[in-house]
Amino acid sequence: MTIEATTAESSPPARRAYDVEAIRADFPALQQRLPSRKHPEGLPVTYLDTGASAQKPQVVIDKEREVYEKYYANAYRGVYRFGALVDEGLEESRDKVARLIGAASSDEVIFTSGTTMSINLAAHAYGKKMLSAGDEILLNEMEHHANLVPWQMLAKEIGAVLRFIPLTADGRLDLSQLDAVLTKKTKLLAVTGMSNVLGTLNPVGLLAERAHAVGAKILVDAAQSVPHVETNVVRDGIDFLAFSGHKLYGPSGVGVFYGRAELLDAMDPFLGGGHMIERVYRDHATWSVAPAKFEAGTLPIAQAIALGTAVDYVQAIGIDAAHAHEQALVAYAAERMQTIPGLKIFGPPISDRGAILSFEMDGVHPEDLAQLLDLQGVFVRHGHHCTMPLHDLLGIPASVRASFGLYSNREDVDRFCAALETARHKLL
Ligand SMILES: Cc1ncc(COP(=O)(O)O)c(C=O)c1O
């Protein structure tokens, strides 16, 4: 057997025409029929939980398998052929991620285990060194716990103060209040690119400009936005960006932390161990430069390599084309859902949101509804979606969430709405 990696491209992949049925054919999980007593031919899979984690195209599955089958080795350690192929695969993937987010250099792209780890990295490696008692961290109530709790922990440890940008009644950042909360005391503004509950798309470029004007840095939790809206950290003046591979049609277990080069240089490592050092003595050590400085230990090797394949996959389709498709689908879904009595969708108008619809049905428990939808082959999420403060603000303990991806189609929406009607009749 000859040993070679199958994708060694250095330029972005060629664009393909947007054909949702052809895209669906790339995803084996969507081809299955679910066993059903009432439907001997089986039920189609209606996967509406892409916001939690996206299904994987065959090319991503194949790439991860290829690494294990053909040239698996540890990364950045061996000069032998397997090791060289792994190192090459990782650096190609890093380049692809850098291009995806518009980073100036692939050295600004650090592989982590996911968004949560990336934000914790920022809180420890940047926050602990650069912030001190009395400094303010600006958040808001639509944030996922991953972009709240690390800042709460940091604030408690160093005596920093948490402040919040108020939200409008329809679930947007109330920018008219920004001057009141973004002041010279603000050292960091941490904000989601897209709310994982309301779907709200936040104006990160404008927020970065306003943050920089008072001398603050901005961190964007891009877990939901990177897969669905075009991202460019240089154009938008983003200092730090975090996202997960698994929401970008890539493997789980790998994520990205982007930091501007001069900030990464000024930061200390978050974790100590192998690979992140320059020289280790008995009683102290010196650090390597980024990205190695922040990649202690063994990386999720096959996952990080396959993340590059996922990036190629979405870029061939085009994030802008996927976004337009998803917007049209969400508009169609919202229109149909509005005809169902007692159903209330949370969040801003469709034009200001991404492919997520969270809702409640009057008199129906979210868990019961999600379970009845499952019986009809429709997979949605219920609960607080790791946004308890947002649910407190909405005055509800839980909601049901339908989230869409580049493979979702109108039939998904039709089956979802039909299943909602059936569930409503059963439950009320
Ligand atoms: C907006 C947002 N931030 C952070 C996360 C956490 O991502 P992960 O669990 O991959 O670290 C999620 C996941 O649901 C999310 O939607």
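Biologist: Which residues of α4 are called buried, and what makes a residue "buried" here?

Modeller: In α4, the buried residues are Thr-115, Ser-118, Ile-119, Asn-120, Leu-121, Ala-122, Ala-123, Ala-125, Tyr-126 and Gly-127. Buried means under 20% relative accessible area, exposed means over 50%, and partly exposed is in between (1.4 Å probe, protein chains only). By the way, this is a predicted model, where local features need pLDDT of at least 70, side-chain atom pairs count only at pLDDT 80 or more, and totals for chains, interfaces and linings use all residues. Residues are numbered from 1 along each chain as its sequence is written, and side-chain values use heavy atoms, with hydrogens and water left out.

Biologist: What is the mean pLDDT of the protein chain?

Modeller: It's 96, with 98% of the residues at 70 or more; pLDDT is the predictor's confidence in each residue, from 0 to 100. Helices (H or I, at least four residues) and strands (E, at least two) are DSSP runs, numbered from the N terminus.

Biologist: Why is Ala-211 called buried?

Modeller: Its relative accessible area is 0%, so Ala-211 counts as buried. Ala-211 sits in helix α7 and touches Leu-182, Leu-189, Ala-216, Lys-217 and Ile-218, leaving aside residues up to four places away in sequence. Contact means heavy atoms within 4.5 Å. Ala-211 and Leu-182 are 29 residues apart in sequence, yet their C-alpha atoms are 7.2 Å apart in space.

Biologist: How do you know that the span of α3 agrees with 1.5 Å a residue?

Modeller: The expected span is 1.5 Å times one less than the number of residues. For the 21 residues of α3 that should be 30 Å, and the end C-alpha atoms are 30 Å apart, so it agrees. Just after α3, Gly-102 takes a positive phi of about 70°. Back in α4 (residues 115–130), 16 residues should span 22 Å and the end C-alpha atoms are 21 Å apart, which agrees too.

Biologist: What makes β4 and β6 edge strands?

Modeller: Each has a single partner strand, so one side of β4 (109–112) and of β6 (161–165) is left without a neighbour in the sheet. The open sheet has seven strands, ordered β4-β10-β9-β8-β7-β5-β6, with mixed pairing.

Biologist: How do you know that β4 and β10 pair?

Modeller: Two strands pair if DSSP finds at least two bridges between them. β4 and β10 (residues 255–259) have four, in the antiparallel sense, so they qualify. In one of them, Val-109 has Tyr-258 of β10 as bridge partner. Helix α3 (residues 81–101) packs on this sheet, touching β4, β9 and β10.

Biologist: What makes a set of residues a nonpolar core?

Modeller: They must be buried Ala, Val, Leu, Ile, Met, Phe, Trp, Tyr and Cys residues, joined through side-chain atoms within 4.5 Å. The largest such core has 68 residues, and Ile-101, Leu-241, Phe-243, Leu-406 and Tyr-407 have the most contacts inside it. Helix α10 (residues 301–317) gives the largest share, nine residues. A second, separate core of 30 residues includes Ala-334, Ile-340, Leu-343 and Val-364.

Biologist: What does Phe-243 touch?

Modeller: Beyond four places away in sequence, the residues it touches include Val-97, Ile-101, Thr-115, Ala-222 and Val-256.

Notes. Axes fitted to C-alpha atoms, helices over the stretch in contact; angles between N-to-C directions.
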